[in-house]
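Please examine the sequence and the three-dimensional structure shown below.

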Amino acid sequence: IFRLRNVESDIGSGSFGIETITKVGYRLIARANPGEVRGNSPKPVGTRISRRTVIGATAAAATGVAAGALLWQRPWLHRPDPEAVELVRRGDLAQRASRPDQTRQAVTYFERAVRVDPKYGAAWGMLALSYTHSLDGFSEAQMAGLPGRIRSAAAQALELDPDNPDAQLALACIPPYFRNWAQMEPELRRIRERYPDHWLANGRLAILYYQVGRLLDGAALHQGVIARDPMIPGPYAFAASALSSAGRIQDADALFREAADRWPANPFIWYARYDHLLFSGRPGSAVALVMDPEARPSGTGDEEVESLLKLAQALDDGQSERLEAVVRNLVEMSEGDVRAVPFSARVFSLLGQVDLAFDAMDRYLFDRGSFGRASPIGPMTRRYTDFLFARPMAAVRADSRFAQLTQDLGLAGYWRARGMEAPAFSS
């Protein structure tokens, strides 16, 4: 879509238009000959318009308007190999699926595409961007070579097309959000404003907003993605979770229902929905969700969700012995893997274990204190702060230590620089 808009801009306004059809897609609208609109002789201008417009429109029609922007990279200069085009189409579908198993599949498709057609700039850009999905969930040692691969693929894309949006976004997303909010925001905003229809440009900026407590700003961006393309599951889970944390429970319910109707077996949506029910005061509904085998993600058995079921049951019946067992289990899990702290801290706060929540956060966010073993934080370490603004963290936010925590993190400085108050949400 953004490439078609660029074509329309290049050849002059009035030649054709792109109309958004809410929750359906887009369509091209023919307008008066631009030569006639401007009062000029239509013949020479019309010849140029016809050639470039037809090429751009044919590319979009080849696999549908949503994929059209991916298929041609300056088509009047390089016509990509059909096999590479199909690989890029499949890779794009895979990475939109919001499933961990599909991330690697998408990379494989894009890697194959650039081998088939090394001059296909769109494939190089998509490859660079797909690599960024793998930056999460690994230690610095495990992902040591990944930034170099991202930069290499992005450089190839930008050499073939200096305006490649995927390559620009990939480069912007190499650093972690953690403590880089102020540095990353201007570039992410620039890319999103330059390519307003790019779903990941909107999504990556939205995720940054969640990290600094701008939940409704982030949700608005993800809801915009849904309006333009309702067949990508990830934005539903992100937007609904943010709305839930901001106290917009009914809006979150509606989004989760729509997402579950579209993707009943998507794990990302299922886990986000579980959290929403658990932390919005409906642990019984969370129990029902876990107990329903038809609602679980594909291939998920009783063992995989046993701990979630026990947690929801304990919160539902309020028995002290069950709650104490839940806390012990979460402490053990978080001490063994610091990445579990964002979830555990929410439960600790919900149960009034505020000191324990701060102890866990000290380890996760600063690698200090006595909670668990050391977990060094380097320049590429991924840590997330969106959980600080979740509903169950109300007790933590009400504690006097929270102001010092946000000061030490740099969040308070981010808010001051933008003239913002510390975010406050209903409990």
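This is a predicted model: local features need pLDDT of at least 70, side-chain atom pairs count only at pLDDT 80 or more; totals for chains, interfaces and linings use all residues.

**A guided reading of the chain**

The crossing of α7 and α8 is left-handed. Helix α7 covers residues 121–132 and helix α8 covers residues 146–160; their axes cross at roughly 155 degrees and come within 8 Å. An angle over 145 degrees counts as roughly antiparallel, and α7 and α8 are therefore roughly antiparallel to each other.

The residues that form this contact can be located in the structure. From α7 come Gly 121, Trp 124, Gly 125, Leu 127, Ala 128, Tyr 131 and Thr 132, and they meet Leu 146, Arg 149, Ile 150, Ala 153, Ala 154, Gln 156, Ala 157 and Leu 160 of α8. Sorted by class, the contact of α7 with α8 contains 10 nonpolar residues, four polar residues and one charged residue.

Helix α12 (residues 215–228) packs against helix α13 (residues 233–245) at an angle of about 150 degrees, and their axes are 8 Å apart. The helices α12 and α13 are therefore roughly antiparallel to each other, and their crossing is left-handed. On the side of α12, the contact is made by Leu 215, Leu 216, Ala 219, His 222, Gln 223, Val 225 and Ile 226; on the side of α13, it is made by Pro 235, Tyr 236, Phe 238, Ala 239, Ala 242, Leu 243 and Ser 245. In the contact of α12 with α13, 11 residues are nonpolar, three are polar and none is charged.

The chain as a whole may now be considered. It contains 23 helices and two strands. Of its 427 residues, 52% are buried. Among contacts between residues at least 6 apart in sequence, 58% join residues at least 24 apart.

Which residues have the most contacts inside the largest nonpolar core? That core has 120 residues, and those with the most contacts inside it are Leu 188, Tyr 274, Leu 278, Met 361, Leu 388, Leu 405 and Leu 409. When its neighbours within four places in sequence are left aside, Leu 409 is in contact with Phe 178, Arg 179, Trp 181, Leu 365, Phe 366, Thr 385 and Leu 388.

Arg 179 lies in the loop between α9 (165–172) and α10 (181–194). Although Arg 179 is not a glycine, its phi is positive, at about 65 degrees. Its relative accessibility is 38%, so Arg 179 counts as partly exposed.

Ser 98 also has a positive phi, near 55 degrees, and is a residue other than glycine. Ser 98 is found in the loop between α5 (82–96) and α6 (100–116). Is Ser 98 buried or exposed? With a relative accessible area of 19%, Ser 98 is buried, because the limit for this class is under 20%.

Val 331 counts as buried, at 17% relative accessibility. Not counting residues up to four places away in sequence, Val 331 touches Phe 348, Leu 356 and Phe 371. The C-alpha atoms of Val 331 and Val 341 are separated by 8.6 Å, and these two residues are 10 residues apart along the chain.

Terms used. Residues are numbered from 1 along each chain as its sequence is written. Side-chain values use heavy atoms; hydrogens and water are left out. A nonpolar core is a set of buried Ala, Val, Leu, Ile, Met, Phe, Trp, Tyr and Cys residues joined through side-chain atoms within 4.5 Å. Buried means under 20% relative accessible area, exposed over 50%, partly exposed in between (1.4 Å probe, protein chains only). Contact means heavy atoms within 4.5 Å. Axes are lines fitted to C-alpha atoms, for helices over the stretch in contact, and angles run from 0 to 180 degrees between N-to-C directions. Helices (H or I, at least four residues) and strands (E, at least two) are DSSP runs, numbered from the N terminus. Angles under 35 degrees count as roughly parallel, over 145 as roughly antiparallel, 65 to 115 as roughly perpendicular and the rest as oblique. A crossing is left-handed if the near helix is turned anticlockwise from the far one by less than a right angle, and right-handed if clockwise. Ala, Val, Leu, Ile, Met, Phe, Trp, Tyr, Cys and Pro count as nonpolar, Asp, Glu, Lys and Arg as charged, and the others, Gly among them, as polar.
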